[in-house]
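Trainee: I should like to learn how to read a structural model. May we go through one together?

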Amino acid sequence: MRTTAARFTAGTPATTIEPKIMRFVAVFAVKLVTVLVAMSAALATVFAQPSVVLAAPPNAPSAGEPSADPATPQFSADALRHFEQRVRPVLARHCGECHGALKQESGLRLDTRNAVLRGADSGPVITLGKPAESSLIAAVRRQGAIKMPPDGPLPPADIQALERWIENGLPWPPGEPAAAASDAQARSEAARRHWAFQPVQRPAVPEVSADRWSRDPLDRFILQSLAAQQLEPSSEAARTALLRRLSFTLTGLPPTLDALADFLGDERPDAVERLVDQLLASPAHGERWARHWMDVARYSDTKGYVFFEDKNYTWAYTYRDYLIEAFNRDVPYDQFLLEQLAADKLTGSRYDGSAEPADPRPLRALGFLTLSPHFMGNNHDIIDDRIDVATRGLLGLTVTCARCHDHKYDPVAQREYYGLYGVFRGSEEPTVPPLDTPAPDTDAYRAFAAELAKRRGALEAFVQRKHQALVDGARSRVAEYLLAAHASRGQPATDDFMLIADPNDLNPAMVARWRIYLEKTARRPDPLWRLWHRLADIPETRFADEAPIAIADELAASPSRPAVNPRLAERFTELRPRTMNEVAAAYAELLRGIDSTWRAAVEAARSDHRAPPGGLEDAAAEQLRRVLYGPDAPPDVPVLLGWGFLTLLPDRASQGEYQKLLKDVESHLISGAGAPPRALALRDSATPFDARVFLRGNPNRLGEPAPRQFLLAVNPRSEPFQEGSGRLEFAREIARASNPLTARVMVNRLWLHHLGAGIVRTPGDFGLRGEPPTHPLLLDYLASEFLRGDWSLKSLHRRLVTSAVFRQASVERPEAIGTDPENRWWWRMNPRRLEFEPFRDAMLAVADSLDRRQGGPSVNLLGDAIVPRRTLYGFIDRLDVPPLLTTFDFPNPAQSSPQRDQTTVPPQALFMMNNGFVHEVAKRVAIHPALAAESSPAARTQRLFELLYGRAATVSEQERVVAFAADPMVNAPWERIAHALLMANEFLFID
Amino acid sequence: MDSSLRIVQPPINLSRRELLSRCGMGVGLMAAAQLLGAEQQASSPNSEGSGLSPARALPLAPRRPHFAARAERVVHLFMNGGPSQVDTFDPKPLLEQYHGKPLPATNLRTERKTGAAMRSPFKFQRYGQSGLEISELFARTAATHADELCVIRSMQADVPNHEPSLMLMNCGEGRQSRPSMGSWVVYGLGSENQNLPGFVAMCPGGYPIVSTQNWRSSFLPGAYQGTYVNSQHTDARQLIANLGNARLSSTDQRRQLDLLQGLNEEHATRRSHAAPLEARLQTFELAYRMQSEAAEAFDFQREPRWLLDDYGPGTHARQLVIARRLLERGVRFVQVWSGAGQPWDNHSDLEKQHRSLSEQWDRPIAAFLADLKQRGLLESTLVLWGGEFGRTPVAELPQLNGRDHNHYGFTCWLAGGGVRGGYAHGATDEFGFRAVDKPVHVHDLHATMLHLLGFHHEQLTYRYAGRDYRLTDVHGRVVPELIA
């Protein structure tokens, strides 16, 4: 679609509006609204950046890599000596920290000649030979707004030295290899060599002599490294411990009494393998691993703080249920990733908003991207979060560190970050998400859909009306806007905050657009606005006197500047304005006249069935017309306002009306009679988004274009994306077998969850600052096996948990702990503490109270009463994460979490001691049928230990318990005993 | 590894059995802190992904800062909604002259449209030897403590909207999820009392806006988040979750815990006493004691009548009595809010609303400062008073009785904790709109607060998602003039 069609203009024929409205609504629905606070942060972007890419120098120099300048002049020895003795030390001591190789405040670095010449983000800081015109000197002389260095003025002698240096033409020794540049080169060289970016190798399995320990080839990697450390592996864990370990790691649930009896009675040599197959086939497996993935996917049932819209992600659970099903079905991991990043672009589930897809099921996988926090509506933050979850979550790479500058450690350029920004900015959430299951062919559903269409129509009509009013107002109230923009000169920018206006006020966003427009025209002599700026600079008190002189001067012909627009000249020749108001009125009158002419021309063409005119014939008139209709025209608010659309409604009355109409749509979608569940899908916008770098991460300061492309460090051969937003190509790059990170990161996650620590112990950071793998060959071996096994997760699980390393006992051995206290070489199994979910689930299970139903809407389950659902079905509110969960180290759902903390604090103990839920569990355990069947205290004790710990009680344990039960001072002793056993370490820690 | 975090107490070699018996005798708490704290030397909890290291045991063990601290604890009196500086601590007589007229200077744009200047309906006078000018709204505080106040009249924030400004003041960032300052402080210093939360946030009647994000730990471990207390309740046992147990008498619970510890003991013996097992075993003893100690700490009625009379009636008096009791018992960071929602947000009817709010605060604050001082706590306790921003000197027309949000210039004050008393720092312009002299950004306030607590704000960091985060992000300068 042509870009021009992406805008509302006064002349747009009514018949073509409909599809555009749909798009507009769809686009603003990117965030179904929030927007307000930081709205304007994006505003300027929106304004400065229509959906067309502005022309930009194709080879803008990239910061940080100064190139040799062939034109470096020759300097005298004196000049160079002056530089070395008087200037370089000053630069190094006072400027280097913030303007050197490591840090470039405001984009400025002062450690090479080229860098000094290039200047800051804002432009040059030096005028060669002219210290008085150099802003660097103004800054150190503390004459302007920028005062440097920040902690105090330089000694006058140093300032003079800098001035002389500039006068001398910036002497710098020729051919000096810029230290900074070589630093940068060394860094990027190191980055290229970094282990994680090398292709996954397939290492030979080590031969270990006299190996009677290994069960799987992977064990031999462990055994070899143990031998190198002169460590021995531990013996195999007791079968009871093994059963418990396998049950929790594969299903998140304790073994039942029956499972215990079966396993202990199974004397076949492959009893463990059989058990593992059984556990992997259990539906509980998907639940267990879905929860691990939900940490990575920062799953939440709410958006966080919102202004107008509903704060709930009503259908978030469909994503959770997708995960459970995918893990249970063992969907190949590459497919699993493709679906979560781009299900809308895959055959079968293809969805572009025009029709419901043939097979909607995979669309719910897109919750991985869409369930972001809303950051009070700031779209840049939402996109940043999506980049983070996709890169740190799937590649173990901290790409979002490159939001404000090139990544300081890893080879990720800021331009690459904004390439990905473009991918996600060109993807949108539809106002009305697609159905999660095919539409029912019923009258009830048809009635529902008809009502939905009605409410949606009302919302869209309202938005269209408001937009039209804004555009019309911007053209008809030119004088007021010009004056308001004029008045806002020198005022602090209001781009970064939410403004509330009165209904008939000028629209603050439109004022900002006019201000930006005027600022742009001030940068070079402009035939229309040169005169305006000249007059605008005259102080009010002298205005009447000086204005006529200024007008005469500006209208006079001069070879050094373009002539003033003839129509403007004509209007001003005789004018003797006394105030800027009159100047604004004159401009406005002229523009209004042109507007009428133009509208008449468009109307005439329409009634004659001619194509609409491309412009006005008279060049001067056309120049004026373009103020109102040109590519940068302030009134012509682009339709693609995206999430910034609330600029349409800065007044409370409109906001109220909007909120009501939105709520009508939302409430019907969510709870209208016959409302079906929907998938929180994403789809491509009609036009891809061509991003540019935000200098310093500031959306108001645009840098070079950033092509949508994959990370070159990960795939040096990747090409710019071609198709739509590029999201599918991005997904394919991640899911590609040759991607050096994807398989390694996932293998590491499995190892981490099964064994208690990763092979890479920073599972969210495989970059240069992450820890290198303890067993690089093993990691690659497992990754290559994962790929050979067609990305089957269950196969990988099976290998890991049937291995000898996994089967080791977890007991501490003094001689080994001295050598390797952190168990980096795997001389034993790590004892594991259960996370909150399996901990709570285990309590429900032993109380014979676990509801094994799968899926469905999230429920509130943290009250005193027992809600028997598994903990992963609990409702998670980002804005108010239940303190109980946080107390038990539930990760912050604001961000992707690679690994949970494990803290031990008294409130956890208080919960166990005093919470009503735990008491109720203890009560139910005490009356468990298996216990009730036993009459002797000793036999009861045995059953209790089997039920809770999966093993028999020792003699002394039995004695303790029996004595406690017989104590006449204790009320309801078996309840107390069960409670104590639930609180005990053995219930929480897995050997 | 963060070598900047060290342990206060040297490790003491106690056998587990000794430790247990001491716990039974009630002196085991610090011993536990030492035992577990000692392990933190091996591996400080300074980044994500440390897994099941012993470092995560008892994350609240006391730690020493980078250098000698001036303050050991912080109490933040949060006037949420934004109190007006020109009606409290920043007198602007020129507003009288322009009352009802447009300002002769630029009218800065804030959230809503404002028009004419509005004079302060309140009288200012000079107090103390310092002669600080303070309005009648805080007359008692001023009369008794003017010479202890360090009034920053040149505060600045980023935007005039509540939500991001609350986040900025509390977490140093307007939108993204970052730990709150209380979390940072407890992360840095631990807590002096293992029987109480290290960071308590009291807000009567429910949450302020953006709710629990104001005291979240974000990516820091959950142990550092603020414990929310609805200070509307007067029964101490309602204030903290799971503190009481109606089903079980204390003796029954003691018996039960003895059984538990016996079982844990056997369990640990079979496993050569792994540190995480020991740590968890200790928390039950701590929790057992916490039940009585925390209940006692929150029970303001244990104070003598005359002292309660000094604080006066009302919720804030009660909150501040509790705050003092908590600080005295070693709680590191206490935040006391004005109430649910945004009480100080007086767009209209400001005279009546501000008067009513300050009446609820002035007397308790005066008594609170006196109480801290009298106990010798003030000099080591940093008191911070202020909102998320201030208010405009101009009114929202057509009424002339309320003020809009103002982030360009506002006032906070500090007291105790090594700050320079009787001092007004910086200035707003002649109308009180914008900070023009020695502006102090919220980041600078945070940097100064951390400095007073003994931290280089640029070095109190936590690595998360590839970055070393800090409270002041990439900003913040210590303001030396604020320090005595």
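Mentor: Let us begin with a definition: helices (H or I, at least four residues) and strands (E, at least two) are DSSP runs, numbered from the N terminus. This is a predicted model, in which local features need pLDDT of at least 70 and side-chain atom pairs count only at pLDDT 80 or more, while totals for chains, interfaces and linings use all residues. Residues are numbered from 1 along each chain as its sequence is written, and chains are lettered from A and ligands numbered from 1 in the order in which they are written.

Trainee: In which strand is B:Tyr127 found?

Mentor: B:Tyr127 belongs to strand β4 (residues 124-127) of chain B.

Trainee: Is B:Tyr127 buried or exposed?

Mentor: A residue is buried if 20 or more other C-beta atoms lie within 10 Å of its own, exposed if 12 or fewer, and partly exposed in between; C-beta atoms are placed from the backbone. B:Tyr127 is buried, because 21 other C-beta atoms lie within 10 Å.

Trainee: Which residues does B:Tyr127 touch?

Mentor: Two residues are in contact if their C-beta atoms, placed from the backbone, lie within 7 Å. Leaving aside residues up to four places away in sequence, B:Tyr127 touches B:Leu132, B:Ile134, B:Ala142, B:Ala143 and B:Ala146. By contrast, B:Asn170 is 43 residues from B:Tyr127 in sequence and 30 Å from it in space, C-alpha to C-alpha.

Trainee: How many helices and strands does chain B have?

Mentor: Chain B has twelve helices and 19 strands. Of its 484 residues, 62% count as buried.

Trainee: How does one read the pairing of strands?

Mentor: Two strands pair if DSSP finds at least two bridges between them. Take strand β10 (residues 381-386) of chain B, where six of the six residues are buried. On one side lie B:Thr381, B:Val383 and B:Trp385, and on the other B:Leu382, B:Leu384 and B:Gly386, so that both faces are covered. Strand β3 (residues 73-78) of chain B runs parallel to β10(B), joined to it by six bridges; there B:His76 has B:Leu384 as its bridge partner. With strand β13 (residues 410-416) of chain B, β10(B) pairs in the antiparallel sense over four bridges, and B:Val383 stands opposite B:Ala415.

Trainee: How does one describe two packed helices?

Mentor: Two packed helices are described by the angle between their axes and the distance between the axes. Axes are lines fitted to C-alpha atoms, for helices over the stretch in contact, and angles run from 0 to 180 degrees between N-to-C directions. The axes of α39(A) and helix α7 (residues 250-269) of chain B come within 10 Å and cross at roughly 175 degrees. Therefore α39(A) is roughly antiparallel to α7(B); angles under 35 degrees count as roughly parallel, over 145 as roughly antiparallel, 65 to 115 as roughly perpendicular and the rest as oblique. The contact involves A:Ser956, A:Glu957, A:Arg960 and A:Phe964 of α39(A), together with B:Leu259, B:Gly262, B:Leu263 and B:Glu266 of α7(B).

Trainee: What pLDDT does chain B average?

Mentor: pLDDT is the predictor's confidence in each residue, from 0 to 100. Chain B averages 87, and 88% of the residues score at least 70. Over residues 1-46 of chain B, however, the pLDDT is below 50, and it stays under 50 over residues 48-56 of chain B. Where pLDDT is low, the predicted coordinates should not be read in detail.
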